[in-house]
Amino acid sequence: MTAFAKYLRWDTVVGVLLVAVFLAGTGTTEGFADTANLSAALNDTAEIALIALPMTLLVVAGQVDLSVASMLGLSSALAGALWEAGWAFEMIVPLCLLVGALGGLLNGWLVTRVGLPSLAVTIGTLTLYRGLASVVLGDKAVADFPEAYSQWATYTETVPGTFIPYPVALFGVLAVITAVVLHCTAFGRSLYAIGAQEDAAWFAGIRVKRIKLVLFVLAGFVASFAGIVYTLRYGSARADNGIGLELVVIASVLLGGIDFDGGRGTLGGAIAGVLLIGLLGNLLTLNDVSNEIQVIVTGLLLVASVLTPRIVATVSERRQRRAATASA
Amino acid sequence: MSAYSRTRRRATLTATAAACALAVTLAGCSGTTKSDAANETKEKAANATADPDAPLKKNLKIAFLPKQINNPYFTILDGSGIDTVKELGSTAKEVGSSDAKASSQVSYINTLVQQRQDAILIAANDPNSVCGSLKQALAQDIKVVTYDSDTAPECRDAFINQASSEEIGRSQIQNIAEQLGHKGEIAVLSATQNATNQNTWIEFMKDELKKPEYKDMKLVKVAYGDDDDQKSFQETQGLLKAYPNLKGIISPTTVGIAAASRYISGSSYKGKVVINGLGTPNQMREYVKDGTVEQFALWDPKKLGRLGAYVAAALASGQITGAEGEKFTAGDLGEYTIGKDGEIILGPPTVFDKNNIDDFDF
């Protein structure tokens, strides 16, 4: 029974689904397993995957950041405006990252010092950052970024000897670091503690506010970095870049079994969730499945990801109760 | 706990110091600026030669990638294009996302390349975002044709323009000026902020307004309805509230003009504010009949789709390469000559009013 329950964890299910999608795609769809296709499909998830890392940490700690896609847009708009003004690209990047960290700091400050719920705060800053992006770049689109950097961001150039595009490789490195931090350090354990019972965590001596602040800064920082990647990958800096992306990120993280109430889930699950949505979308597109059906499939998966752990919990609880009454 | 936080504080300090050092180092270098990048522009390889007598190939695979699917305008356009491709003995399909975002078009282009299509017809949501992927397609000898909304010329073989942009832009102002007696405030309700074609038309509208005969007319605002019915409806409402002296709205987009007409027909502005722009007869029929709208214009999207099919097939068959001056015949549409930068112009737009609207069904 316990062994059974152990393997029925939702993140394992998502991992199995991911493998199933991959095998089904390889078996049925010509071109799916081509390295060029996999490079393109993986790279298409680059920004989502990058932002999913700090988002996982936030959700585990019982928080959420809805302003990430707006920060991506602000970073993109800023990069565009500065590039047009003749700034060196190597100077634009650190400045954008700084703005991202500051945006995250504002989120974190409002949550920890003013004491507002993160959902409300980041709904506000979602609009604020997008508005700032429009102020910075207006309705313009800036293009003609240096070829060398764009090449780096698109899937045409990959890490030598592999089919992994650079943004995906970078994501891989950051994912390993995040996984170690979340699952092997005191800091990671304190995130679960905060997510499970914030007050208890505080009484246990965990510096709840400080940690939450760090998480929001991290999220803003990574989102602005994703903004640079997005800008280079599409070769177009725009204030409306990445609209709605925050929902895809959160959906992927939840699909990966991170509990929205906090305190539960693994980074591996979240990453499997991101890849599952990305590869499934690619597979369905290759098979000419219409966009509406794709949206429905993703929606059903999400509902399943929220429902299944609840059902499993209820079933095992009932079994335990029955076992308890039988032995009594 | 305190030891832990001390370590962390030290770590934070180190990270900050490292970041500062990095910034300073980078500031020291001259770096890559826009002027450097400008020198990198690449030319499209012109390695193919056209053979005007080559027969149209059969069994070609052709894909239409509109700005968004389920947009009535593109449904008609692509439907007609797909039918034409079938008449020519090849197969065609329409793919795309239900949102008009550039980023969603990119993943579709990538999969079309993977599916080894012979030609891709695309209405670009952003002229640059799709460029990288289209270049990948071109590199694999997939013919790329833009229609309705263009990309940078080096990212496609040909561009089918529904009408000359200048002609559309200027005629929009001329038409509404005539209705208003060359007097009063006007506004534009456009699609998305980055729609290439809309923005070009708006530039020509502004230029036309500089002429002395329009001295009593003023363009007070360009609003964006994102080709979303609800948003366009709300933007219309907003325009009329914000500018009480508004006399006319030009909406050069089928979604926008229908939403604006719907709002005005049910409001007190009916008969007082003139709506003009580009719309489809089927969507606009009731507003023309109930007197909300006197006239509007559009090219025939069926013809545009048909021309698209012929251009794609002619390119894939080697009849044309997209170079200026090449000629080809598009079935019953007649002969076309490719203009500068691979541009092919369908023809002048048609003006619809209550006298002729029932002659059209699209």
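This is a predicted model: local features need pLDDT of at least 70, side-chain atom pairs count only at pLDDT 80 or more; totals for chains, interfaces and linings use all residues.
Local features need pLDDT of at least 70, side-chain atom pairs count only at pLDDT 80 or more, and totals for chains, interfaces and linings use all residues. Residues are numbered from 1 along each chain as its sequence is written, chains are lettered from A and ligands numbered from 1 in the order in which they are written, and side-chain values use heavy atoms, with hydrogens and water left out.

## The contact between chains A and B

Chain B puts 42 residues into the contact and chain A puts in 48. Contact here means heavy atoms within 4.5 Å. About 3600 Å² is buried between chain B and chain A, with 49% of it on carbon and sulfur atoms. Buried area is the accessible area (1.4 Å probe) that two parts lose on being put together, summed over both.

Between chain B and chain A there are 16 residue pairs in polar contact, both at pLDDT 80 or more. Helix 1 (2-28), helix 2 (34-38) and helix 4 of chain B are the elements that give two or more residues to the side of chain B that touches chain A. Helix 4 of chain B gives the most, eight residues. That side of chain B divides into twelve nonpolar, 21 polar and nine charged residues.

Some terms need their cut-offs. A polar contact is a pair of N or O atoms within 3.5 Å; within protein, one must be able to donate a hydrogen and the other to accept it, and residues adjacent in sequence count only if both atoms are side-chain atoms. Helices (H or I, at least four residues) and strands (E, at least two) are DSSP runs, numbered from the N terminus. Ala, Val, Leu, Ile, Met, Phe, Trp, Tyr, Cys and Pro count as nonpolar, Asp, Glu, Lys and Arg as charged, and the others, Gly among them, as polar.

## Salt bridges

The structure holds 29 salt bridges over all chains. Three are counted between chain B and chain A. A salt bridge is a side-chain nitrogen of Lys or Arg within 4 Å of a carboxyl oxygen of Asp or Glu. The table lists examples.

| Pair | Closest N to O |
|---|---|
| Asp34(A) and Arg116(B) | 3.8 Å |
| Arg233(A) and Glu47(A) | 2.8 Å |

Asp34(A) pairs with Arg116(B). Asp34(A) is partly exposed at 31%. Arg116(B) is also partly exposed, at 46%.

Arg233(A) sits in helix 12 (residues 208-234) of chain A and Glu47(A) in helix 4 (residues 46-60) of chain A, so their bridge ties together parts that are 186 residues apart in sequence. Arg233(A) is buried at 9%. Glu47(A) is buried at 2%.

Asp290(B) lies in the loop between helix 10 (281-289) and strand 10 (295-298) of chain B, and Lys270(B) in the loop between helix 9 (254-265) and strand 9 of chain B, 20 residues apart. Asp290(B) is partly exposed at 33%. Lys270(B) is partly exposed at 35%.

Chain B also holds a salt-bridge network of Glu166(B), Arg170(B), Asp207(B), Glu208(B), Lys210(B) and Lys211(B).

## Strands of chain B

Two strands pair if DSSP finds at least two bridges between them. Strand 5 (residues 158-161) of chain B has Ala158(B) and Ile160(B) on one side and Phe159(B) and Asn161(B) on the other, all buried. Strand 4 (residues 143-147) of chain B runs parallel to strand 5 over three bridges. Thr146(B) has Phe159(B) as its bridge partner. Strand 5 also joins strand 13 (residues 343-345) of chain B through three bridges, again parallel. There, Asn161(B) is partnered by Ile345(B).

Strand 8 (residues 246-251) and strand 9 of chain B run parallel, with four bridges. Gly277(B) is the bridge partner of Ser251(B). In strand 9 (residues 274-277), Val274(B) and Asn276(B) point one way, Ile275(B) and Gly277(B) the other, and all are buried.

## Two single residues

Ser104(B) is in helix 4 (residues 102-114) of chain B. Ser104(B) is buried at 14% relative accessibility. Its side chain reaches the backbone oxygen of Lys101(B) at 3.0 Å. Beyond neighbours within four places in sequence, Ser104(B) contacts Ser97(B) and Asp99(B).

Asp359(B) follows strand 14 (350-353) of chain B, in the segment after it. Asp359(B) is exposed at 62%.

How values were computed: Buried means under 20% relative accessible area, exposed over 50%, partly exposed in between (1.4 Å probe, protein chains only).
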